[in-house]
Amino acid sequence: MTGVPASAAGGSGAKPVRGGKLGTAAVNQASLWNIANILTMVRLLLVPGFVLLLFHDGGYDPVWRAFAWAAFAVAMITDLFDGHLARAYNLVTDFGKIADPIADKAIMGAALVSLSILGDLPWWITGVILARELGITLMRFWVIRHAVIPASRGGKLKTLAQGTAAGMYVLVLTGPLATLRFWVMMVAVVLTVVTGLDYVRQAVVLRRRGLAAERAAAAERAAAAERAAAATEALQATVGTPADAGAAAGPVAGATDVRAAAEARGAAEAER
């Protein structure tokens, strides 16, 4: 849940260059069946498996809750690995761009909603986190024509806090650990709200800049069109229209004909 599709990676027949820059050839040759995309698909498949394990035997069996925690932990770890592979091998697929954020939000959403259904987590916490995630996703589409909102360090901390807190709630904890997980979840909620507000601020600023740039470009195009029209009118005023040019050429041609006739008469008289 980094904000930037982590598993937007692929594979090609060519040997990848570790740490290299993403090139057009790499994007075009990216294969769907690569390790990063496979990890993303595994994370998607773990979502229903996690839910089944969590609700097994009424949802209160510590052993099955431990199995559910293991599935949740594997899902969160795959998010780190596919992101690392995507950055290291510089391969991108359209599937990865779409599937990675869906997988991230699906596993976290499933954990929060399931825990609230079981009564372990207050619904208002689930509502705040899910509303933030959905709102930021819509916000990205709102400004995507003007710019891309980058993932911030606060957003990454938020993801880490959410994953840690949700994982602790999946386990059956008592005593000081139960108290600790509550405060970890409170930290996650605060980071969720603060980073969400920061994303909104960035989105508004980027959209305003984008609209201002579009207005400036439109004004420049209009000014260029006006300058071109003025230059055309000035040229026509200087040279004149084709009809005016023909009218002006008439007297000149007439004078040339008179001069030629006089020269012919002079030559005839000289011959006599």
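Reader: Where is Val170 placed, and why is Val170 called buried?
Author: In this predicted model, Val170 lies in helix H6. Its relative accessible area is 0%. Buried means under 20%, so Val170 qualifies as buried.

Reader: Which residues is Val170 in contact with, leaving aside its neighbours within four places in sequence?
Author: Phe50, Leu54, Arg65, Ala68, Trp69 and Leu115. Take Trp69: Val170 and Trp69 are 101 residues apart in sequence. In space, their C-alpha atoms are 5.8 Å apart.

Reader: How do you know that the span of H6 is close to the one expected?
Author: H6 has 18 residues. At 1.5 Å a residue, 26 Å is expected. From first C-alpha to last, H6 reaches 26 Å.

Reader: Which residues of H6 are buried?
Author: Among them are Gly155, Lys158, Thr159, Gln162, Tyr169 and Val170.

Reader: What makes Arg181 a charge over the ring of Tyr169?
Author: The charged end of Arg181 is 4.5 Å from the centre of the Tyr169 ring. The distance cut-off is 6 Å. Arg181 is counted as sitting over that ring.

Reader: How many aromatic pairs does a search of the whole structure find?
Author: The search finds 3.

Reader: Why is the pair of Trp64 and Phe67 called edge-to-face?
Author: The ring centres of Trp64 and Phe67 are 5.5 Å apart. Pairing needs centres within 6.5 Å. Their planes stand at 80 degrees, and edge-to-face needs over 60. Therefore the pair is edge-to-face.

Reader: Where do Trp64 and Phe67 lie?
Author: Both are in helix H3, residues 62-89. They are 3 residues apart, about one turn of the helix.

Reader: Are Trp64 and Phe67 buried, exposed or partly exposed?
Author: Trp64 has a relative accessible area of 27%. Phe67 has 43%.

Reader: What makes Phe182 and Trp183 an edge-to-face pair?
Author: Their rings are 5.2 Å apart, centre to centre. The angle between the planes is 75 degrees. With cut-offs of 6.5 Å and 60 degrees, Phe182 and Trp183 count as an edge-to-face pair.

Reader: Why is Phe182 called partly exposed but Trp183 exposed?
Author: Exposed means over 50%. Trp183 has 53% relative accessibility, so Trp183 counts as exposed. Phe182 has 36%, so Phe182 counts as partly exposed.

Reader: Why is Gln202 called buried?
Author: Gln202 belongs to helix H7, residues 176-239. Its relative accessible area is 16%. The limit for buried is 20%, so Gln202 counts as buried.

Reader: How do you know that the side chains of Gln202 and Asp198 are joined by a polar contact?
Author: The contact between these side chains is 2.9 Å. The cut-off is 3.5 Å. The pair is listed as a polar contact.

Reader: Which residues touch the most other members of the largest nonpolar core?
Author: Phe50, Phe72, Ile107, Leu121, Ile125 and Met185, out of 31 residues. Elements giving two or more residues to this core include helix H2 (35-55), helix H4 (94-117) and helix H5 (123-143). Leaving aside neighbours within four places, Leu121 is in contact with residues including Leu112, Tyr169 and Met185.

Reader: How many helices and strands does the protein have?
Author: There are 8 helices and 0 strands. Of its 272 residues, 34% count as buried.

How values were computed:
Residues are numbered from 1 along each chain as its sequence is written. This is a predicted model: local features need pLDDT of at least 70, side-chain atom pairs count only at pLDDT 80 or more; totals for chains, interfaces and linings use all residues. Side-chain values use heavy atoms; hydrogens and water are left out. Rings of Phe, Tyr and Trp (its six-membered ring) pair if their centres lie within 6.5 Å; planes under 30 degrees apart count as stacked, over 60 as edge-to-face and the rest as tilted. Helices (H or I, at least four residues) and strands (E, at least two) are DSSP runs, numbered from the N terminus. Buried means under 20% relative accessible area, exposed over 50%, partly exposed in between (1.4 Å probe, protein chains only). A charge sits over a ring if NZ of Lys or CZ of Arg is within 6 Å of the ring centre and within 35 degrees of the ring normal. A polar contact is a pair of N or O atoms within 3.5 Å; within protein, one must be able to donate a hydrogen and the other to accept it, and residues adjacent in sequence count only if both atoms are side-chain atoms. A nonpolar core is a set of buried Ala, Val, Leu, Ile, Met, Phe, Trp, Tyr and Cys residues joined through side-chain atoms within 4.5 Å. Contact means heavy atoms within 4.5 Å. The expected span of a helix is 1.5 Å times one less than its number of residues.
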